[in-house]
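Me: I have a structure open and a few things to check. Can you go through it with me?

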Amino acid sequence: MLAAEFEPAESTGRRRSPRAPVSLDARIGRGGLDRALCRVVDLSIHGARLEIYSPLRVGSMIWLTMPQTGPVAATIVWSDDFVAGCQFTTTLEPAAYEALVDLDQSLRKAD
């Protein structure tokens, strides 16, 4: 008979990195044109969930301009009515991520 000790692996879910609920006004552009307003409602260093006012096609490339970060290239990975998820082409720097989360918190305190 075989006996073995095991330790269950910790599950971190599907996410590669922590996500923060935020509420930040942003803009979506495609090739420098069609700039539209959106709201970033969930953010990680790898991507974001957006509230949008016009549909976005899965697989399309966008430029997401958030406060303090300037334009960030991203690909739409899912879209449903007025909400979409995007994955950043280049991971956000941790300092930029923290600055956006801090900005969101300071905006909430001001309200």
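Me: Which exposed residues sit on the face of α1 turned away from its buried side?
Reply: Pro94, Ala95, Lys109 and Ala110. Keep in mind that this is a predicted model.

Me: And which residues of α1 are buried?
Reply: Tyr97, Leu100, Val101, Leu103 and Asp104. Seen down the helix axis, the buried residues of α1 fall within an arc of 155°, so they line one face.

Me: Why would residues a few places apart point the same way?
Reply: An α-helix has 3.6 residues a turn, so residues three or four places apart point the same way.

Me: How many residues does α1 have, and how far does it reach?
Reply: Helix α1 covers residues 94-110, which is 17 residues. From first C-alpha to last it reaches 24 Å, close to the 24 Å expected at 1.5 Å a residue.

Me: Asp104 is on that buried list. What does its side chain meet in a salt bridge?
Reply: The side chain of Arg108, at 2.7 Å, N to O. Both residues lie in α1, four residues apart, about one turn of the helix.

Me: Buried or exposed, what are the values for the two partners?
Reply: Asp104 is buried, with a relative accessible area of 3%. Arg108 counts as partly exposed at 45%.

Me: How many salt bridges does the structure hold?
Reply: Three. One of them joins the side chains of Arg19 and Asp42, at 2.5 Å, N to O. That pair links distant parts of the chain: Arg19 is in the segment before β1 (20-30), Asp42 is in strand β2 (residues 33-43), and they are 23 residues apart.

Me: How accessible are Arg19 and Asp42?
Reply: Arg19 has a relative accessible area of 28%, which makes it partly exposed. Asp42 is at 11% and counts as buried.

Me: What about the salt bridge of Arg39 and Asp25, how far apart are N and O?
Reply: 2.8 Å between the side chains of Arg39 and Asp25. This pair also links distant parts of the chain, with Arg39 in strand β2 and Asp25 in strand β1, 14 residues apart. Asp25 counts as exposed at 52% relative accessibility, while Arg39 is partly exposed at 25%.

Me: On to the overall layout. What is the order of elements?
Reply: From the N terminus on, β-β-β-β-β-β-α. That makes one helix and six strands in the chain.

Me: What share of the chain is buried?
Reply: 34% of the 111 residues count as buried.

Me: And the largest nonpolar core, which residues touch the most other members?
Reply: Val40, Leu43, Leu50, Leu64, Met66 and Phe88, out of 26 residues in that core. At least two core residues come from each of β1, β2, β3 (47-52), β4 (61-66), β5 (70-80), β6 (83-88) and α1. Strand β1 gives the most, with five residues.

Me: Take Leu43. What is it in contact with, leaving aside neighbours within four places in sequence?
Reply: Pro18, Arg19, Ala20, Val22, Ala48, Met66, Phe88, Leu92, Tyr97 and Leu100. Among them, Tyr97 and Leu100 are also buried residues of α1.

Me: How much of the contact total comes from residues 24 or more positions apart?
Reply: 50% of the contacts in the chain with a separation of 6 or more.

Me: Last one, Gly29. Where is it, and how far from Met61?
Reply: Gly29 is found in strand β1, and it is buried, with a relative accessible area of 2%. Gly29 and Met61 are 32 residues apart in sequence and 9.1 Å apart in space, C-alpha to C-alpha.

Key: Residues numbered from 1 in each chain as written. Predicted model: local features only at pLDDT ≥ 70, side-chain atom pairs only at ≥ 80, totals over all residues. Heavy atoms only, no water. Expected span 1.5 Å × (residues − 1). Buried < 20%, exposed > 50% of the residue type's maximum accessible area, 1.4 Å probe, protein only. Arc of directions from axis to C-beta. Salt bridge = Lys/Arg side-chain N within 4 Å of Asp/Glu carboxyl O. Core = buried A, V, L, I, M, F, W, Y, C linked by side-chain atoms within 4.5 Å. Contact = heavy atoms within 4.5 Å.
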